[in-house]
Amino acid sequence: MKYQQRKKALVLLADGTIFYGKSIGIEGTSTGEICFNTGMTGYQEIFTDPSYFGQLMVATNAHIGNYGVNNDEVESEGIKIAGLICRNFSFTHSRQDSDGNLFDWFKKHNIVAISDVDTRALVAYIRDNGAMNAIISTDVTNIESLKKQLADTPNMEGLELASKVSTKEAYFVGDENAPLKIAALDIGIKKNILRNLVKRGAYIKVYPYNATFQEMSSFNPDGYFISNGPGDPEPLVDAQNTAKEIIKRNLPLFGICLGHQVIALANGIATYKMYNGHRGINHPVKNLLTGKGEITSQNHGFAINRKETEAHDDVEITHVHLNDHTVAGIRMKSKNVFSVQYHPEASPGPHDAEYLFDEFIENIKKAKTEA
């Protein structure tokens, strides 16, 4: 597509600020909470991550689409972001094992994307003014109509989105003859989490977001897992109740991201909406148990209350984010339960934290031995 043929497009923020760019060629309008990811690679995995459901993604890397798409490099079925904002959109790609270009993939899923935006200025503005709703559109002539549509867009705080991305029916992953069985609660699960558990000898049954403990325990699992996902954790009352039942019975439990927040809420620890979330593949975390640092992949706009965590008799902080000292991991002192706010499965990102899957498996094996 020639540059001069492309139409004007815009980003309209909730506070009325406008950034202009150009349409990549898919006309339309999309709303959601605007956020940015600082990763230099892995855009396809980011776009298919269920945790980004309902969000407009600003890519801080200058070039998006340059290596095309690969059918195996997805974290869910289909694109989950509400729309894309980038600096340079590459219509051509140059990777030998790609299955096509990004434009055709976006067109297939009818995803609105705009480029030629000053993303450095936009990200700086979001950092200064906080996360907010936004609208992107190729209709640049009717600003008042766009403002009305944006005003009707629900805020992320208080918004339950897990039901929008969770499986409708339970399903199995892995070898049914594997030595360990894990029941996973899908509140927006990434495929690479399942891959990491399977390669460590687990046979997994994945349950819908509102599955009860009774339903999950009928699988007779050796351990339980609560996944990542989008939206505010507070409305996920069913998931919190399921976590409470698992914790009460001292069964092995591991949670990632939204699952980490659900476990905190199940322990009476509050969560809050962050001024700006953590989204990228180079976030520094310190493991307080070992003293070691980790470079981690993160994607969250909510966090758990640190003061309440520190004051809790049965919960201790195991990991902290070194940029802002938010809680990045917890474990229970009297129960076989731990969780982290970041993504040990990465995809994209570093593998510093993969050991957490090994710890979960060891916890399960130990529990089986003691049973």
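Select Thr309: leaving aside neighbours within four places in sequence, it is in contact with Ile269, Ile304, Val315, Ile317, Val327 and Ile330. Contact here means heavy atoms within 4.5 Å. This is a predicted model, in which local features need pLDDT of at least 70 and side-chain atom pairs count only at pLDDT 80 or more, while totals for chains, interfaces and linings use all residues. Residues are numbered from 1 along each chain as its sequence is written, and side-chain values use heavy atoms, with hydrogens and water left out.

Stay on Thr309. Thr309 lies in helix α10, residues 306-311. Helices (H or I, at least four residues) and strands (E, at least two) are DSSP runs, numbered from the N terminus. Is Thr309 buried or exposed? Thr309 is buried, at a relative accessible area of 0%. Buried means under 20% relative accessible area, exposed over 50%, and partly exposed in between, with a 1.4 Å probe and protein chains only.

**Zoom out**

Show the whole chain. The protein has eleven helices and 19 strands. Its C-alpha atoms fill a box of roughly 70 × 45 × 40 Å along the principal axes. A compact globule of 371 residues would have a radius of gyration near 21 Å, and the protein agrees, with 21 Å. That radius is taken over C-alpha atoms, and the globule rule is 2.2 Å times the number of residues to the power 0.38.

Now colour by accessibility. Of the 371 residues, 58% count as buried. The protein exposes about 15500 Å², and carbon and sulfur atoms supply 46% of that area. Accessible areas come from the Shrake-Rupley method with a 1.4 Å probe; for residues, only the protein chains shown count as cover. Among contacts with a separation of 6 or more, 73% are between residues 24 or more positions apart.

**Select 7-137**

For residues 7-137, UniProt lists "domain: Carbamoyl-phosphate synthase small subunit N-terminal", in an unreviewed entry. UniProt positions are given in the numbering used here, feature names are shortened, and annotations may be inferred rather than shown by experiment. Over residues 7-137 the chain is 18% helix and 31% strand. The end C-alpha atoms of this stretch are 11 Å apart.

Go to Ser94, in the loop between β7 (88-89) and α2 (102-109). Ser94 is exposed, with a relative accessible area of 69%. What does Ser94 touch, not counting residues up to four places away in sequence? Ser94 touches Asn66 and Tyr67. Ser94 and Tyr67 are 27 residues apart in sequence, yet 5.4 Å apart in space, C-alpha to C-alpha.

**Helix α3**

Select residues 119-129, helix α3; its buried residues are Thr119, Leu122, Val123 and Ile126. They cover an arc of only 95 degrees around the axis, which puts them on the same side of α3. The arc is that of the directions from the helix axis to the C-beta atoms. An α-helix has 3.6 residues a turn, so residues three or four places apart point the same way.

Show what covers that side. The cover includes β1 (8-13), β2 (18-23), β3 (29-37), β4 (55-59), β6 (83-85) and β15 (271-287). Then turn the helix over. The face away from the buried side of α3 carries the exposed residues Arg120 and Asp128. Just after α3, Gly130 takes a positive phi of about 90 degrees.

Move to Ala346, Ser347 and Pro348. Ala346 is found in the loop between β19 and α11. A cis peptide bond joins Ser347 and Pro348, with omega about 5 degrees.

Check the backbone angles. Ala346 has a phi near 50 degrees, positive in a residue other than glycine. Ser347 has a positive phi too, near 60 degrees. Ala346 counts as buried at 0% relative accessibility. Ser347 counts as buried at 15%.

**Helix α11**

Finish on residues 355-370, helix α11. At 1.5 Å a residue, its 16 residues should span 22 Å; its end C-alpha atoms are 23 Å apart, which agrees. The expected span is 1.5 Å times one less than the number of residues.

Which residues of α11 are buried? Leu356, Phe357, Phe360, Ile361 and Ile364 are buried. They cover an arc of only 145 degrees around the axis, which puts them on the same side of α11. The buried residues of α11 pack against β11 (180-185), α6 (191-198), β13 (223-226), β14 (253-256), β17 (315-321) and β19 (337-340). On the face turned away from the buried side, pick out the exposed residues Lys366, Thr369 and Glu370.
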